Amino acid sequence: KQWYQRRVAITAGDILQPISRVPTPHKMRSFVLLGCLLAVAYGQLGSSCIYMKSDTSTGYAYAGMSYNDGCNGCVCSPTGLALCGRIFCPHKCQHVNSDGVSGWVSHGAVVIKDGCACTCGRGFGFGASEFSCAC
């Protein structure tokens, strides 16, 4: 036996539809939630912040996510702009990875620059750090 639910149509008067075809509030909430998740995911794909991770690889943060560039705490804005605190990092060396992304590495870190092994260490002057390279 098929059960029917009566529903009022705006343009054609009353029509009868099977209960299985009438969206329930639970189904509608699911569709709305799915739509919101897709909208958020689509928005995040379009607005990401690119940063250098502590292992010098490239990282991606999306709107509202926080991350650290090796020296400063940052938050990725909804437009993809990095909002970072600017602190003095005398114990770090600034480095650009193979993807062209800038970040910071700690004293003692070894990175490859132009085929040479370079070690971050104390530089000349107050609070200075620099790489010393051996080819």
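The model is a predicted one, so local features were kept only at pLDDT of at least 70 and side-chain atom pairs only at pLDDT 80 or more, while totals for chains, interfaces and linings use all residues. Residues are numbered from 1 along each chain as its sequence is written, and side-chain values rest on heavy atoms, with hydrogens and water left out.

Take the disulfides to begin with. With a disulfide taken as a pair of cysteine sulfur atoms within 2.5 Å, the count comes to six. Numbering the bonded cysteines of the protein chain in sequence order gives the pairing 1-4, 2-6, 3-5, 7-10, 8-12, 9-11. One of the six disulfides joins Cys49 and Cys76, with sulfur atoms 2.2 Å apart. Its S-S torsion is about 85°, so the Cys49 and Cys76 link is right-handed. Cys49 sits in strand S3 and Cys76 in strand S6, so parts 27 residues apart in sequence get tied together. Strands here are DSSP runs (E, at least two residues), numbered from the N terminus. Both Cys49 and Cys76 are buried, where buried means under 20% relative accessible area, exposed over 50%, and partly exposed in between (1.4 Å probe, protein chains only).

Cys93 and Cys120 are also joined, S to S 2.1 Å, and with 90° about the S-S bond this link is right-handed too. The pair connects distant parts of the chain, Cys93 in strand S8 (residues 92-96) and Cys120 in strand S11, 27 residues apart. Cys93 and Cys120 are both buried. For Cys116 and Cys135, the S to S distance is 1.7 Å, and the link is right-handed with 85° about the S-S bond. Cys116 belongs to strand S11 and Cys135 to the segment after S12, so the parts they tie together are 19 residues apart in sequence.

Three strands make an open sheet in the order S10-S11-S12, with antiparallel pairing; two strands pair if DSSP finds at least two bridges between them. Strands S10 (110-113) and S12 (129-134) are the edges, each pairing on one side only. The twist averages 40° from one strand to the next, using axes that are lines fitted to C-alpha atoms (for helices over the stretch in contact) and angles from 0 to 180 degrees between N-to-C directions. S10 and S11 are joined by four bridges, while S11 (residues 116-122) and S12 share six. Cys118 has Val111 opposite it, and its bridge partner in S12 is Cys133.

A search of the whole structure turns up one aromatic pair. The ring centres of Tyr51 and Tyr67 are 4.3 Å apart and the planes meet at 25°, so the pair is stacked. Rings of Phe, Tyr and Trp (its six-membered ring) pair if their centres lie within 6.5 Å, with planes under 30 degrees apart called stacked, over 60 edge-to-face and the rest tilted. Tyr51 and Tyr67 are both buried.

Finally, Asp69 lies in the loop between S5 and strand S6 (73-76) and, at 10% relative accessibility, counts as buried.
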